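Here is a short walk through the model, one selection at a time. Keep your viewer handy and follow along.

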Amino acid sequence: MHLLMPLLLSAALFGIGIYGVLARRNAILILMSVELMLNASNISLIAFDIWLQDTLRTGQSLAVFIITIAAAEIGLGLAIVLMIYRQRRTIAIDDLVSLGEKLATRNTTRDTARDTTGYTTGQGTAR
Amino acid sequence: MSDQSLLSPTGLDIIFALLGIVVIASGLLVVTTKQVVHAGLWLVVCLGGVAGCFLVMSAEFVAWMQVLIYVGAVVVLLLFAMMLTKAPIGRSDDLDSSNKFVAAAVAVATTAVLAVLFVDGYWQTMVDVDSASTGSAEALGEAIFSTWVLPFEALSVLLLSALVGAIVISRRSASATEAADEEEVAG
């Protein structure tokens, strides 16, 4: 097998993940795109490991470690997303502009304008 | 992507190329579909295809780890999170932000840089996939529990702390939400 096949697949999958992270608004979809990028790096690691015939299995061990870290990351990330949803009633990334517990008053007009879109209701302003 | 091996494609090459097409197509659907739940289900196809690629590259153990952890656990977690955040079942048009053309440009540029780098560096490198048991559970287990045992232990501590952190975050937010709901009812 040519080494370029897995490497080009990895490059394409990484680009798809970058597009997803940058273009999506929903936090869960962004976490999915991060998973795609981690998988792209895993493909590269496996390909280089098989190519080098490494006796220490460095690439495959690192791929297993990355899978584990991805599981930990997705658990923590989804816990944070759920907490944000409970507090703000939205997980649209570009609506989450304030870092404090309560939304600042200057966001009120913008959030009420979002009310019509359905999924991103601005009920956080009620608090 | 199989342009270099068109001269004498083996069976493995063809299988890998087909799996690659499946992975890229389903990955594109994950980041472009208008339905949140469909994105999660296409992610299953994509990650399953990646596991198939691992199998073709004779990394059996990593492939089954991929199926167990990603398809079994991560996707189920994502679907649960969609359910808990009341994701819309049907089409929703506000999933993409307004700067998605800039995002597409950045993604294409990154892919081009990586592809040019790979093609320039490895355009005549062939991989011998047929050599025996490079990725079996026995070989990888020996490597992990002899050479990489310290990173393995550090990783187990990391996983434990991540899970404890996730529990702490959910518990605190539950009490905070109750307090907020009581405030709303009272106010």
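Start by selecting Arg89(A): this residue has a positive phi of about 65° and sits just after α3(A). Helices here are DSSP runs of H or I with at least four residues, numbered from the N terminus.

Before moving on, a note on the model: it is predicted, local features need pLDDT of at least 70, side-chain atom pairs count only at pLDDT 80 or more, and totals for chains, interfaces and linings use all residues. Residues are numbered from 1 along each chain as its sequence is written, while chains are lettered from A and ligands numbered from 1 in the order in which they are written.

Now select residues 58-88 of chain A, which form α3. This helix of 31 residues reaches 44 Å from first C-alpha to last, close to the expected 45 Å (1.5 Å times one less than the number of residues).

Next, show α1 of chain A (residues 4-23) together with α1(B). Their axes lie 9 Å apart at an angle of about 5°; axes are lines fitted to C-alpha atoms over the stretch in contact, with angles from 0 to 180 degrees between N-to-C directions. So α1(A) is roughly parallel to α1(B) (under 35 degrees).

Finally, which chain supplies 86 residues to the contact, and which 67? Chain B gives 86 and chain A gives 67, counting residues whose C-beta atoms, placed from the backbone, lie within 7 Å.

Note on methods
Contact = placed C-beta atoms within 7 Å. Helix = DSSP H or I, 4+ residues; strand = E, 2+ residues; numbered from the N terminus. Parallel < 35°, antiparallel > 145°, perpendicular 65-115°, else oblique.
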